[in-house]
Amino acid sequence: MTENIKIKKLIDDNQVLLFMKGNPKFPQCGFSSLACQVLDACGSKYETFDVLLDPEVREGIKLYSNWPTIPQLYIKGEFVGGADIIKEMYESGELTKLISQG
Amino acid sequence: MLLASQIEDVINKNLDCTFIKVKGDDGTHFEAIIVSTLFEDKSIIKQHQMVYQALGDMMRQEIHALSMKTLTPEQWKNN
């Protein structure tokens, strides 16, 4: 339960938040790296959380969103998707729109 | 080692697919195209969740990453 409260707070406190493996400078997985590249291309500020540093959040976030993989992007408290969806939404222009509405 | 064809079989068994193709030969990273009428009127998040659901424990334990594209038969025809 405690990690759930922690996750909720993280998501609520950060307008655009990416749960990833590693950080934008040193991503530890190709999909996390791709997610960062897409967000960089959107040109908007975003925060990241490195799940490799927190095993409870790493498992907890999968239950929170009913999504078994990392990365996971949250915008304004809503789960947006993993790497495939982020990329698809970027290509269609939807992601830039969603972020810039902030 | 986990084969792309095994993933294909599991998804096919648990989700009614019009078309499915899974690629990948390193045993942990896979790419899939899945077409199903069940995706109609569902958000893309929901569609991917349905595929993850079909894979069950396999997704949590054996597959490191599954990159996927989900389409309805209509979208597939126009793709």
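Which are the buried residues of α2(B)? In this predicted model, the buried residues of that helix are Q47(B), H48(B), V51(B), Y52(B) and A54(B). Because they cover an arc of only 160° around the axis, these residues are put on the same side of α2(B). The elements against which the buried residues of α2(B) pack come from both chains, namely α4 (83-91) of chain A and, in chain B, α1 (4-14), β2 (29-35), α3 and β3. The helix itself has twelve residues and reaches 17 Å from its first C-alpha to its last, a value close to the 16 Å expected at 1.5 Å a residue. Following α2(B) is G56(B), a residue whose phi is positive, near 50°.

M50(B), also placed in helix α2 of chain B, presents another case. With 18 other C-beta atoms within 10 Å, M50(B) is partly exposed, since a residue counts as buried at 20 or more such atoms and as exposed at 12 or fewer. When residues up to four places away in sequence are not counted, M50(B) touches L15(B) and L38(B). The C-alpha atoms of M50(B) and F39(B) are separated by 8.6 Å, the two residues being eleven residues apart along the chain.

The contact between the chains involves ten residues of chain B and nine residues of chain A. On the side of chain B that touches chain A, at least two residues are supplied by each of α2 (44-55), α3 (57-61) and β3 (65-71) of chain B. Of the contributions to this side, that of α2(B) is the most, with five residues. Classified by residue type, the side of chain B that touches chain A has six nonpolar, three polar and one charged residues.

The strands of chain B form an open sheet of three strands in the order β1-β2-β3, with mixed pairing. The edge strands of this sheet are β1 and β3 of chain B, each of which pairs on one side only. Neighbouring strands are turned by 10° against each other on average, direction ignored. Strand β1 (residues 19-23) of chain B runs antiparallel to β2(B) and is joined to that strand by five bridges, whereas β2(B) and β3(B) pair in the parallel sense over seven bridges. I34(B) takes part in both pairings, as the bridge partner in β2(B) of I20(B) and as the residue opposite T70(B) in β3(B). The hairpin formed by β1(B) and β2(B) has five residues between the strands, and in its turn G24(B) has a positive phi of about 135°.

In chain A, an open sheet of four strands has the order β2-β1-β3-β4, again with mixed pairing. Since β2 (47-50) and β4 (78-81) of chain A stand at the edges, each with a single partner strand, one side of each is left without a neighbour in the sheet. From one strand to the next, the twist averages 25°. Strand β1 (residues 16-20) of chain A pairs with β2(A) in the parallel sense over four bridges, and within this pairing L17(A) has E47(A) in β2(A) as its bridge partner. Helix α2 (residues 30-42) of chain A packs on the sheet, where it touches β1 and β3 (72-75) of chain A, and the direction of this helix makes about 160° with that of β1(A).

How values were computed. Residues are numbered from 1 along each chain as its sequence is written. Chains are lettered from A and ligands numbered from 1 in the order in which they are written. This is a predicted model: local features need pLDDT of at least 70, side-chain atom pairs count only at pLDDT 80 or more; totals for chains, interfaces and linings use all residues. Two strands pair if DSSP finds at least two bridges between them. Axes are lines fitted to C-alpha atoms, for helices over the stretch in contact, and angles run from 0 to 180 degrees between N-to-C directions. Two residues are in contact if their C-beta atoms, placed from the backbone, lie within 7 Å. Ala, Val, Leu, Ile, Met, Phe, Trp, Tyr, Cys and Pro count as nonpolar, Asp, Glu, Lys and Arg as charged, and the others, Gly among them, as polar. The expected span of a helix is 1.5 Å times one less than its number of residues. The arc is that of the directions from the helix axis to the C-beta atoms.
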